[in-house]
Amino acid sequence: MAYLIQEDYVKYVCSCGQLKPITSLYFCRHCLKIRCGFCICHEVDSHYCANCLENMPSSEARLKKNRCSSCFDCPSCFHTLSTRAMIAQARPSAQDGASGDTKVENKQPKKTYYLSCFNCRWTSRDVGIPDQPVASGGWPERTNPFANRFNQLLDYYKAVAQLEKQEKLERERKKFAIRGKYITLTDKTGLTGAMARNIAGLPPSESGSSATLANFTPSQASAEVEELPEDFYTKEVDLKQITSLSQRLAAPARQPARGSRLWPLPKRLSVKRSQRCRACDHNLTKPEYNPGSIKFKIELLAYYHVPEVKIISFESVKPGTRSELLLKVTNPTGHEMRLRLLQPSDVPVEEEQPKSIEKSLEKSLTLEKVCNN
Amino acid sequence: MALYEGIALIQEKQAVVLDLGTDYTKFGFTGEAAPRCIIRSEFWCPSERRYKRVHDYKTAEELYDNFVHMLHLLYFRHVLVNPKERKVVVVESLLTPTLFRETLAKVLFTHYEVSGVMWADSPRLCALILGTPEALIVSIGAREAEVTAVVHASVVLHAIQAQPLGAHAIHQELSKLLDEDNKTELKLPEQIIEDIKVKTCFVGNRERAVQWATGNPLMPAKSVQYPLSGRAAITVSGRTRELAAEPLFARDNELASLPDIILQCIIQCPIDSRRALAQNIFVTGGTATIPGLKARLAHELRYLVTQPPYCDRLSIREFRFHKSGAHDNSAAWAGGALAGAADGGARALARDVYARTARLRDWPCLLDNTRRH
Ligand SMILES: [Zn+2]
Ligand SMILES: [Zn+2]
Ligand SMILES: [Zn+2]
Ligand SMILES: [Zn+2]
């Protein structure tokens with residue numbers, strides 16, 4: 001029997017050899033074997049936001065880096081931020097001087113929105129984010145300070161890899177040319193494509209990549225190292241203004257060290273997973289698409305197929321005497337079921353699963369080979 | 001041909017980059033400037049009802065389970081993609097235990113069925129984000145500080161230096177100093193110690209360190225009252241704030257302090273590359289973020305090189321330092337993201353190759369480091 005908070009007293013042997021409570025076991029109808037979370041294949045089924053319960057197609061989720069565009073987490077305590085509306089107060093002193101038309105505009109109270117955390121009272125105003133005229137979206141984003149340099153490097157190394165590939169091809173072509181067995185079109189003319197372009201006075205076809213190669217500047221080392229500011233030795237430390245490590249790491253791209261640089265964190269999406277039997281590739285569970293639903297389209301839980309064993313009472317075991325153990329076995333199916341109690345010595349040794357993982361690997365490899373051929 | 005390549009590019013799924021550090025794991029996609037998540041290398045273990053660190057293991061089986069759980073967390077909670085048929089770039093130290101990397105390979109290939117794994121060592125990846133031909137990578141991580149010379153994309157293997165001078169050494173010293181400050185044994189959990197370090201500690205300059213050592217200090221920095229939940233606030237004195245990171249610079253007869261091992265690494269490198277290495281020092285790793293550490297390291301190097309035994313053996317007097325093109329804690333990861341994206345994973349160890357040989361190339365292994373005739 002499985003308990004919510006107590007230890008699991010009755011454990012079942014999964015076909016992979018692991019001992020698990022019945023609540024974390026599956027039963028593959030096609031292999032007629034018990035499976036557990038360890039020996040099945042997990043797959044991402046759909047992306048959704050756990051806050052607004054909005055589904056997101058996986059292509060869009062990839063583009064948005066698995067972040068919801070309308071929900072935010074508090075950068076300070078990671079609680080969900082809520083959007084709060086404010087009727088903008090007409091500020092006569094500032095606007096009167098600005099223009100005469102303001103009085104007309106002021107007649108309609110303008111609503112503005114800001115983000116606020118109910119848990120720790122952090123608001124988007126704390127860090128100077130201007131209030132937004134619309135409730136959803138439009139919040140300014142902060143970017144990675146190193147993104148530009150990274151993209152330069154990426155272009156450079158892509159060009160290097162391209163060049164390497166070309167050189168390799170060239171070498172191979174030469175190898176074949178020496179053998180004289182294979183004659184390609186360029187061999188006949190004695191020209192490579194690049195040489196032909198060169199002779200014709202055309203710019204080399206991969207001008208983009210060679211320009212990247214030429215323009216690349218490696219990082220410049222300097223003798224100056226950023227010194228510790230002198231006021232570090234005299235300044236009071238305001239712990240509230242320094243972010244904790246978890247606050248920094250919640251935004252891996254920026255890692256703000258000061259509280260004033262915290263920025264709302266777009267909420268990370270969650271996924272619904274479907275689970276598959278490794279041996280036969282059939283689905284064991286498949287959730288419903290609707291994020292609000294916790295039901296499954298396919299749900300082959302062991303609980304529905306495998307008799308549940310409960311310990312009703314037991315006596316402590318003493319040497320040389322009989323002890324009583326009262327078990328209750330429930331048949332969850334509507335069909336008759338035969339039950340056999342075995343001596344420990346009669347339990348068949350199963351050595352199926354470790355091999356079957358390798359088998360599935362082999363199987364997928366042969367599949368791969370078939371595909372390649 | 002270009003057409004086929006285009007199709008291949010569309011079909012090739014964006015690879016993921018995994019940097020499984022002792023304390024923090026960096027995980028994200030190739031071609032992106034920052035990891036998607038930086039989380040503690042631990043997972044909730046339901047059977048033991050506690051968070052379990054990936055690096056806490058006694059047997060290969062336990063490590064296998066740890067990896068399965070950790071990768072599940074990373075794939076399905078953080079980057080939200082299917083591990084199957086997707087390449088992985090593994091960022092590893094050159095000193096990663098064989099058991100660790102082989103178990104990781106087994107989990108990735110057989111349990112998660114990834115299509116290929118590119119094994120990349122962090123020093124060369126760090127050199128990649130600099131783009132210079134020579135680089136001296138000083139990586140200060142959780143457990144160890146590693147000094148590695150990279151010359152023209154090759155690691156000078158015999159010159160690698162590593163000492164247990166990482167975050168854990170600082171935490172130990174900090175907790176000792178805090179006990180002295182508060183005159184009790186505080187027994188603070190590791191996470192609080194880390195938080196105190198992040199928020200209050202810094203590395204003072206050389207002159208101050210010398211004065212602390214001689215026992216007649218200048219004005220210590222301001223002390224901080226650090227609040228604890230459910231307990232009285234504790235005092236973090238200015239002395240503690242300044243001296244917590246001192247073990248990294250503590251010299252004894254072993255000459256095993258951080259600046260010492262940097263100089264020793266340079267001495268053991270080929271003579272024609274030493275000057276270039278000293279002028280291309282790159283200090284990285286999460287622990288390098290402590291304010292003032294890099295400046296202090298520079299001062300110590302410039303001083304030590306004029307002292308015996310180095311003054312006779314090194315004629316270098318100039319040291320230059322690189323400013324990082326990525327956040328300190330994810331520099332090696334960013335290198336992995338570059339390397340994986342540049343050649344589209346062409347260097348990855350494919351699954352079918354692994355299935356045939358079931359072994360990894362490794363530099364200490366004679367099979368891989370002897371020349372074939
Ligand atoms: Zn199982
Ligand atoms: Zn949402
Ligand atoms: Zn909050
Ligand atoms: Zn099955």
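Student: Which residues of H4(B) and H13(B) meet?

Tutor: This is a predicted model. In it, Ser122(B), Leu125(B), Cys126(B), Leu128(B) and Ile129(B) of H4(B) meet Ala331(B), Ala332(B), Ala334(B), Gly335(B), Gly336(B), Leu338(B) and Ala339(B) of H13(B). By class, nine of the contact residues are nonpolar, three are polar and none is charged.

Student: What makes H4(B) roughly perpendicular to H13(B)?

Tutor: The axes of H4 (residues 122-130) and H13 (residues 331-342) of chain B cross at roughly 75 degrees and come within 7 Å. Angles of 65 to 115 degrees count as roughly perpendicular. The crossing angle falls in that range, so H4(B) is roughly perpendicular to H13(B).

Student: How do you know that H5(B) and H6(B) are roughly perpendicular to each other?

Tutor: Helix H5 (residues 167-182) and helix H6 (residues 190-200) of chain B pack at about 90 degrees, and their axes are 10 Å apart. That angle lies within 65 to 115 degrees, and therefore H5(B) and H6(B) are called roughly perpendicular. On the H5(B) side, the contact includes Ala167(B), Ile170(B) and Leu174(B), and on the H6(B) side it includes Ile193(B), Glu194(B) and Lys197(B). The contact of H5(B) with H6(B) has six nonpolar, three polar and three charged residues.

Student: Which residues make the contact of H2(B) with H3(B), and how do they divide by class?

Tutor: Among them are Leu63(B), Phe67(B) and Leu71(B) of H2(B), together with Phe100(B), Leu104(B) and Lys106(B) of H3(B). The residues of this contact divide into 11 nonpolar, three polar and one charged.

Student: Let us turn to the metal sites. What makes the arrangement around the zinc ion (ligand 4) tetrahedral?

Tutor: The SG atoms of Cys28(A), Cys31(A), Cys277(A) and Cys280(A) are its protein donors, at 2.1 to 2.3 Å. Four donors count as tetrahedral if all angles lie between 85 and 135 degrees. The angles at the zinc ion (ligand 4) are 102 to 115 degrees, so the arrangement is tetrahedral. Cys28(A) lies in strand E3 and Cys280(A) in the loop between strands E11 and E12 of chain A, so this pair ties together parts that are 252 residues apart in sequence.

Student: How do you know that the site of the zinc ion (ligand 1) is tetrahedral?

Tutor: The zinc ion (ligand 1) is coordinated at 2.2 to 2.3 Å by the SG atoms of Cys14(A), Cys16(A), Cys36(A) and Cys39(A). The angles among these four donor atoms are 107 to 113 degrees, within the limits of 85 and 135 degrees, and the site is tetrahedral. In sequence, the donor residues have the spacing C-x1-C-x19-C-x2-C.

Student: What makes the site of the zinc ion (ligand 3) tetrahedral?

Tutor: Its protein donors are the SG atoms of Cys74(A), Cys77(A), Cys117(A) and Cys120(A), 2.2 to 2.3 Å from the ion. The angles among the donor atoms are 102 to 115 degrees, which lie between 85 and 135 degrees, and the site is tetrahedral. The donors of the zinc ion (ligand 3) follow the spacing C-x2-C-x39-C-x2-C.

Student: Where is the cis peptide bond that involves Pro309(B)?

Tutor: The bond joins Pro308(B) and Pro309(B), with omega about 5 degrees. Pro309(B) is placed in the loop between helices H11 and H12 of chain B.

How values were computed
Residues are numbered from 1 along each chain as its sequence is written. Chains are lettered from A and ligands numbered from 1 in the order in which they are written. This is a predicted model: local features need pLDDT of at least 70, side-chain atom pairs count only at pLDDT 80 or more; totals for chains, interfaces and linings use all residues. Side-chain values use heavy atoms; hydrogens and water are left out. Contact means heavy atoms within 4.5 Å. Helices (H or I, at least four residues) and strands (E, at least two) are DSSP runs, numbered from the N terminus. Ala, Val, Leu, Ile, Met, Phe, Trp, Tyr, Cys and Pro count as nonpolar, Asp, Glu, Lys and Arg as charged, and the others, Gly among them, as polar. Donors are N, O and S atoms within 2.8 Å of the metal (3.2 Å for Na, K and Ca); water is not among the atoms, so sites may look incomplete. Four donors count as tetrahedral if all angles lie between 85 and 135 degrees; four count as square planar and six as octahedral if opposite donors are over 155 degrees apart and all others between 65 and 115; anything else is irregular. Axes are lines fitted to C-alpha atoms, for helices over the stretch in contact, and angles run from 0 to 180 degrees between N-to-C directions. Angles under 35 degrees count as roughly parallel, over 145 as roughly antiparallel, 65 to 115 as roughly perpendicular and the rest as oblique.
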